[in-house]
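Have the viewer open and follow along.

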Amino acid sequence: FSLSLFLGGIVFFMTANYGNFLDVSDTQAYFAIAKNLIRYHGFYLDYSAGPQAGEMPIFPLFTAFFYWIIPKLGFVIMMQNIVSAASVILVFHLGKMVVGKKTAVLAAVLFALDSQRLYFANQLMTETLFTFFLLLSFYFFIKFEFISPKKHLKFFILSCLFLGASSLTRPASYYFILFFITYLVARGIWKKEVWRYLKYSVFAVLIFFAALSPWLIRNKIHFN
């Protein structure tokens, strides 16, 4: 975690002094929506053009929250670097659960050194928060399926909710729920517990869409 923050701090300093936290075209849109969330309490890229649904909601909400606390873009980027460092810790814990501590340490160090992780953590982009939510989803799913001796349902619920959160951050994971269902059905056949795992599959879909529902309902109301 310290290594991640140290490296992120170096890139933060370089970007603040020699670059730009809004270096990619999408960053301007996220920043505009975040400022309009604070000012107009809605998702507006341009307030005069009315509500929009072109960008997913969680990252603008994340940006708006921290920009509201301290109205400096650098502060939002600092918070993003902390989230990115937390993702490195999640990589370690995932590796520890699946392949052992030594390999987990190596994986975490390599991820901490990854240039893309450092770049995106210092740009106002969705990648950092998306990765964090997706890793949390995998973490709780593995904990539920392989680590929890009694298969505590809370881990399964958290996994599906964070999968939904990742999709509301960046829609790249919309179809990941299909992989969840495929795995659960295959696992049920393998363990000869088809009915039990089929119930998990249905439950996963319901939780996932419950996480998406506020945004879907809002878009139905505004745009039909």
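Before we look at any packing, a word on the geometry: a helix axis here is a line fitted to C-alpha atoms over the stretch in contact, and angles run from 0 to 180 degrees between N-to-C directions. Keep in mind, too, that this is a predicted model.

Now find helix α7, residues 127-147, and helix α9, residues 176-191. Their axes sit 13 Å apart and cross at an angle of about 10 degrees. Angles under 35 degrees count as roughly parallel, so α7 is roughly parallel to α9. On the α7 side, the residues that meet α9 are Leu134, Ser137, Phe138, Phe141, Glu145 and Phe146. Facing them from α9 are Phe176, Phe180, Tyr183, Leu184 and Arg187. Sort the residues of this contact by type and you get eight nonpolar, one polar and two charged.

Next, slide along α7 to Thr128. Is Thr128 buried or exposed? With a relative accessible area of 6%, it falls under the 20% cut-off, so Thr128 is buried.

Finally, hop over to Arg170, in the loop between α8 (153-167) and α9. Arg170 has 29% relative accessibility and so counts as partly exposed. Beyond its sequence neighbours, Arg170 touches Met56, Thr126, Glu127 and Phe130. The side chains of Arg170 and Glu127 make a polar contact of 3.2 Å. As for Phe130, 40 residues separate it from Arg170 in sequence, yet their C-alpha atoms are 6.2 Å apart.

Methods: Residues numbered from 1 in each chain as written. Predicted model: local features only at pLDDT ≥ 70, side-chain atom pairs only at ≥ 80, totals over all residues. Heavy atoms only, no water. Helix = DSSP H or I, 4+ residues; strand = E, 2+ residues; numbered from the N terminus. Buried < 20%, exposed > 50% of the residue type's maximum accessible area, 1.4 Å probe, protein only. Parallel < 35°, antiparallel > 145°, perpendicular 65-115°, else oblique. Contact = heavy atoms within 4.5 Å. Nonpolar A, V, L, I, M, F, W, Y, C, P; charged D, E, K, R; others polar. Polar contact = N/O pair within 3.5 Å; in protein donor to acceptor, adjacent residues only side chain to side chain. Lists of a residue's contacts leave out its neighbours within four places in sequence.
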